[in-house]
Amino acid sequence: MDLRYKDITYCKGVGEKRAQLLKKELKIESALDLLHIYPYKYVDRSRFYQIRDIEDEETFVQIIGVITDYQTVGSGKSQRLTATFVDKLGDSIELVWFKGVQYLKLEIGVPYLLFGKPSSFNHSYNIVHPELERLRSQEQLSTRKGLEPHYNTSEKMKNGSLNSKAMRTIIQGLMPDLREGVPDTLPQDLREKYHLCSLTDALINIHFPPDSASMQRARERLKFEELFYIQLQILKQAKGHTMQSEGFVMPMVGSHFHDFYSHHLPFPLTGAQKRVIKEIHEDMKSGHQMNRLLQGDVGSGKTLVALMCALLAADNHYQTCIMAPTEILANQHMETVSLMLQGTQMRVALLTGSTTAKQRRDLLPALQNGEIDILIGTHALIEDNVQFANLGLVIVDEQHRFGVAQRAKLWAKNIRPPHVLVMTATPIPRTLAMTVYGDLSVSVIDELPPGRKPIQTLHYSNQRREQVDNFIDQQIQKGRQVYVVYPLIEQQKDAQGRPKPVEKPLADLENGYRRICQRFPQYRVSMVHGKMKAKEKDEHMQRFAQGETQILVATTVIEVGVNVPNASVMIVENAERFGLAQLHQLRGRVGRGAEQSYCVLLTDIQLTKDTRKRMDIMVATNDGFRIAEADLQLRGPGDMEGTLQSGLPFELKIASLSTDGQILELARKAAKDILDEDLELTKAEHQIFVNQLKKLKQQAVNWSEIS
Ligand code: ADP
Ligand code: MG
């Protein structure tokens with residue numbers, strides 16, 4: 001029986017109802033699809049525990065013993081059954097059932113094999129809902145070899161009695177058919193070259209490995225395959241792309257650039273800035289369309305690099321647009337850039353949602369006539385009526401806020417796609433960048449401007465608020481300014497408008513603002529949040545930027561890009577509510593001037609393990625790359641989607657981007673070699689790839705393209 005075409009409905013132990021569940025919950029159709037649902041862990045069933053050896057809540061244990069007594073408490077739904085289980089050393093552990101109590105038939109004094117996960121309770125362990133099996137002979141034990149697979153199942157599946165054990169039984173039922181072999185999805189020569197086992201062996205051993213070595217081999221093969229096809233797809237697109245897209249050629253380094261460099265540069269460029277400007281210019285004159293990611297930690301001076309690239313474009317008679325994710329940021333770029341360009345020939349304009357109809361009537365024709373060299377703005381730049389005379393360079397700041405579709409609209413604004421420079425302060429770990437962007441080139445500014453003192457990060461529980469307040473006071477007296485950031489705008493209200501009772505009420509912005517005004521009557525306070533009108537937001541921001549107010553109370557709208565060098569203290573309220581990448585961004589708002597800067601993370605005193613780790617990492621390092629790696633490890637690549645938004649265009653079933661970097665490199669090389677030889681995959685021996693890519697595409701994988 002070919003497992004590819006065997007509908008799961010007809011697999012042993014499945015049937016109509018369960019098949020519906022599997023199709024819906026796991027999006028699988030065939031028996032082979034089911035075999036590609038991998039266990040998330042294995043339990044060693046050859047090991048037997050003594051009760052006294054239990055020391056960990058997380059691992060499953062297997063114990064032989066007897067039940068000495070049991071009792072049922074309560075009735076109906078709240079019925080509960082507890083039993084005492086004693087092993088041969090005489091130690092005992094409590095067993096508890098909350099569900100299915102009426103079906104349990106326990107016998108006292110007969111040997112049982114118990115299997116379950118201990119949890120600690122009142123300073124001792126108990127086991128909730130253990131599996132119990134009557135032990136009738138020693139033989140029963142000796143057949144229990146190898147690693148037992150455990151599967152993740154959804155709540156709906158569990159309710160349909162499709163738990164991990166049921167999955168195991170169904171998959172076990174497929175083994176005889178599987179042993180007859182399934183067609184491989186990687187050709188033999190490739191498998192030999194990279195020492196990979198066959199798909200058949202991999203599938204057998206991923207589910208029922210006789211030992212951990214065979215399980216490892218199976219995992220390696222499946223990881224390789226997963227990453228290989230992703231790379232093949234991305235590289236195929238990327239290569240096809242660079243071959244087709246000719247780019248505007250911009251070889252000139254002319255008067256705009258030279259004049260600025262000699263007479264207007266406010267400070268010497270750092271070595272890293274010089275290097276990346278060179279790299280970018282190489283692309284701009286190459287004849288191919290540039291697709292470059294410019295990574296640089298917060299404060300590394302990306303804006304200046306962007307500006308100098310725009311000067312190069314202008315020297316070659318092309319226009320540039322700089323797109324920012326928020327209006328605050330667009331305004332700020334406008335200001336910085338106009339200030340730096342004062343006294344030069346460059347013409348700069350701003351276009352955002354707040355640009356009035358009248359302003360547009362002047363601006364749009366000027367843009368179309370080529371009277372504007374640099375257009376700075378927000379999403380408003382994408383609109384169809386924004387027409388350029390000769391757009392040659394698109395600079396996207398903080399790219400993770402933009403979707404692929406939005407970017408694509410910009411490409412259509414000239415006869416050829418313009419060069420694209422995507423600037424991000426969210427350092428994407430190399431493995432992730434490689435996977436998501438394939439052949440996108442990456443430039444890194446790995447050096448901060450000189451004279452910066454590393455930001456000191458402190459973690460306080462909010463019970464020590466008074467101390468933090470005193471600290472704020474001291475810093476302001478020294479002439480500094482302070483940000484205070486809150487995770488929420490206002491307390492959640494119920495339908496009647498009353499504040500919703502929450503377990504731990506979050507310090508909210510409005511209360512915080514009031515409290516701060518009361519605590520610091522001698523200082524002036526600005527407030528900025530996402531629900532304010534753009535104009536109002538901007539006024540508050542301006543007052544803070546110009547030093548008229550000393551404290552800025554804000555939500556994360558200031559997370560990205562805001563630059564007020566005199567502000568040297570960042571207080572983050574409820575820091576436990578923020579992810580690492582976000583905290584790092586927030587912290588990056590300070591440390592921009594010559595003064596020692598501080599970031600204070602305020603949290604609840606009770607923290608989960610993960611939150612504590614996050615705070616510890618923040619305190620330990622300022623290095624954005626280390627933080628991004630840690631973030632990836634703590635949250636897994638799936639969650640990165642939230643931060644990157646454009647994110648991972650695929651789901652990884654088995655490979656991990658944070659730990660499988662080596663396999664990824666190999667898979668990438670394998671994919672590259674094949675495409676170098678046969679970009680269109682037309683050779684007969686490559687049809688296996690074409691078919692598999694087709695199949696993966698059908699599974700609705702939305703491959704990202706940066707352009
Ligand atoms: P980011 O990379 O986070 O966008 P910015 O471009 O906002 O950083 O720059 C951060 C600060 O560093 C700004 O105040 C900017 O004027 C300053 N800066 C940029 N380049 C240099 C340099 N080469 N030397 C000194 N200061 C610099
Ligand atoms: Mg910036």
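1. V484 has V553 as its bridge partner in β20. The strands concerned, β18 (residues 481-485) and β20 (residues 551-554), pair in the parallel sense over four bridges; two strands count as paired if DSSP finds at least two bridges between them. Helices (H or I, at least four residues) and strands (E, at least two) are DSSP runs, numbered from the N terminus.

2. On provenance: this is a predicted model, in which local features need pLDDT of at least 70 and side-chain atom pairs count only at pLDDT 80 or more, while totals for chains, interfaces and linings use all residues. Residues are numbered from 1 along each chain as its sequence is written, chains are lettered from A and ligands numbered from 1 in the order in which they are written, and side-chain values use heavy atoms, with hydrogens and water left out.

3. β18 and β20 belong to an open, parallel sheet of six strands, ordered β17-β22-β21-β18-β20-β19. The twist from one strand to the next averages 20 degrees. Axes are lines fitted to C-alpha atoms, for helices over the stretch in contact, and angles run from 0 to 180 degrees between N-to-C directions.

4. Helix α18 (residues 509-519) packs on this sheet and touches β18, β19 and β20; contact means heavy atoms within 4.5 Å. The direction of α18 makes about 175 degrees with that of β19.

5. Another open sheet has seven strands with parallel pairing, in the order β12-β13-β11-β14-β15-β10-β16. Its edge strands are β12 (348-351) and β16 (441-445). Neighbouring strands are turned by 20 degrees against each other on average, direction ignored. Within it, β11 (residues 319-323) and β13 (residues 374-377) pair over four bridges, and C321 has L375 as its partner in β13.

6. Helix α13 (residues 327-341) lies across β11, β12, β13 and β14, at about 170 degrees to β12.

7. The second largest pocket has a volume of about 1,300 Å³. A pocket here is an open set of points on a 1 Å grid over the protein atoms alone, where a 1.4 Å probe fits, with protein on both sides within 12 Å along at least five of seven lines; lining residues have an atom within 4 Å of a point. Grid points are joined across faces, edges and corners, and the volume is the space filled by probe spheres set on the points.

8. The lining of this pocket has 37 residues, with H129, P130, E131, N163 and K165 nearest the centre. β5 gives the most, five residues.
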